[in-house]
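Open the model in your viewer and have a selection tool ready. The tour goes from one selection to the next and says what is found at each stop.

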Amino acid sequence: MSSSFYVQDLPIKKLANDCFVSAQIELPMIEEISKSGINLIVSNRPEGESLDQPTDLELSNQSKLYSVEFKSVPFSGSSLTREKIDNFSQILKESNGGNLLYCKSGFRSAIIWGLSEVLNYNKEVEQVAQIVNSCGYDSSTIFSLVDFFR
């Protein structure tokens with residue numbers, strides 16, 4: 001798991017050595033995700049955000065079949081809180097590496113990862129923003145969100 005990769009046609013983009021981000025995953029992808037070294041899947045997508053998304057329960061049950069842990073820290077827009085960022089940080093801290101974060105497009109997951117890195121692990125916001133940008137997501141909101149949650 002040294003670089004970004006694809007599962008079916010879905011790009012899985014590298015944020016850090018043991019952390020990747022993607023858009024919405026589907027149930028049939030989980031076997032291949034597990035074979036790529038992912039041990040933990042974290043959903044940042046609220047249940048029922050769209051009619052075609054699998055439920056957290058379906059994803060959790062499918063993940064268990066392949067010995068992959070599944071966690072959910074859902075948020076949208078204004079529902080992001082410092083408590084959710086801290087909970088997200090704790091989940092990643094307790095993982096055994098090989099983490100996949102996802103939401104509808106990957107943007108929210110990349111942003112909460114970035115906030116976690118800056119607020120809880122004292123990473124430089126400019127460095128984190130550059131990583132988020134390199135994954136194809138606009139990191140401009142990270143700067144104001146860091147100020148807001150500090």
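Begin by selecting Ala 16 and Cys 19: Ala 16 stands opposite Cys 19, which belongs to strand S3. Keep in mind throughout that this is a predicted model.

**The hairpin**

Now widen the selection to S2 and S3. A hairpin made through two residues joins S2 to S3. The two strands, S2 and S3, pair in the antiparallel sense, over three bridges.

Next, show the side chains of S3. Cys 19 and Val 21 point one way from the strand, while Phe 20 and Ser 22 point the other way. Are these four buried or exposed? All of them are buried.

**The whole sheet**

Select strands S1 to S6 together. They form an open sheet of six strands, in the order S1-S2-S3-S6-S4-S5, and the pairing is mixed. Which strands stand at the edges? They are S1 and strand S5 (69–72); each has a single partner strand, so one side of each is left without a neighbour in the sheet. Look along the sheet for the twist, which averages 30° from one strand to the next.

S1 pairs with strand S2 (residues 10–16) in the antiparallel sense, over three bridges. To see one of the bridge partners, pick Tyr 6 and then Pro 11 in S2.

Move on to S3 and S6. Here the pairing is in the parallel sense, over four bridges. Pick Phe 20 and look at what stands opposite: Leu 100 in S6.

**Aromatic pairs**

How many aromatic pairs does a search of the whole structure find? The search finds two. In the pair of Phe 5 and Phe 20, the ring centres are 5.4 Å apart and the planes are at 65°; planes over 60 degrees apart count as edge-to-face, so this pair is edge-to-face. It links distant parts of the chain, since Phe 5 is in strand S1 (residues 5–7) and Phe 20 is in strand S3 (residues 19–22), 15 residues apart. Phe 5 has a relative accessible area of 18% and is buried. Phe 20 is buried too, at 0% relative accessibility.

For the other pair, select Phe 148 and Phe 149. Their rings are 4.9 Å apart centre to centre, with 80° between the planes, and this pair is edge-to-face. Phe 148 is exposed, with a relative accessible area of 63%, whereas Phe 149 is buried, with a value of 11%.

**Helices**

H2 lies across strand S4 (40–43), S5 and strand S6 (99–102), and runs at about 160° to S5.

The last stop is helix H3 (residues 82–94) with helix H4 (residues 107–121). How do they pack? The angle is about 85°, and the axes are 9 Å apart. H3 and H4 are therefore roughly perpendicular to each other.

Show the side chains where the helices meet. On the H3 side, the residues include Ile 85, Phe 88 and Leu 92, and on the H4 side they include Trp 113, Leu 115 and Leu 119. Charged residues take part as well, among them Arg 82, Lys 84, Asp 86 and Lys 93 in H3. By class, the contact of H3 with H4 has eight nonpolar, three polar and four charged residues.

Conventions. Residues are numbered from 1 along each chain as its sequence is written. This is a predicted model: local features need pLDDT of at least 70, side-chain atom pairs count only at pLDDT 80 or more; totals for chains, interfaces and linings use all residues. Side-chain values use heavy atoms; hydrogens and water are left out. Rings of Phe, Tyr and Trp (its six-membered ring) pair if their centres lie within 6.5 Å; planes under 30 degrees apart count as stacked, over 60 as edge-to-face and the rest as tilted. Buried means under 20% relative accessible area, exposed over 50%, partly exposed in between (1.4 Å probe, protein chains only). Axes are lines fitted to C-alpha atoms, for helices over the stretch in contact, and angles run from 0 to 180 degrees between N-to-C directions. Angles under 35 degrees count as roughly parallel, over 145 as roughly antiparallel, 65 to 115 as roughly perpendicular and the rest as oblique. Contact means heavy atoms within 4.5 Å. Two strands pair if DSSP finds at least two bridges between them.
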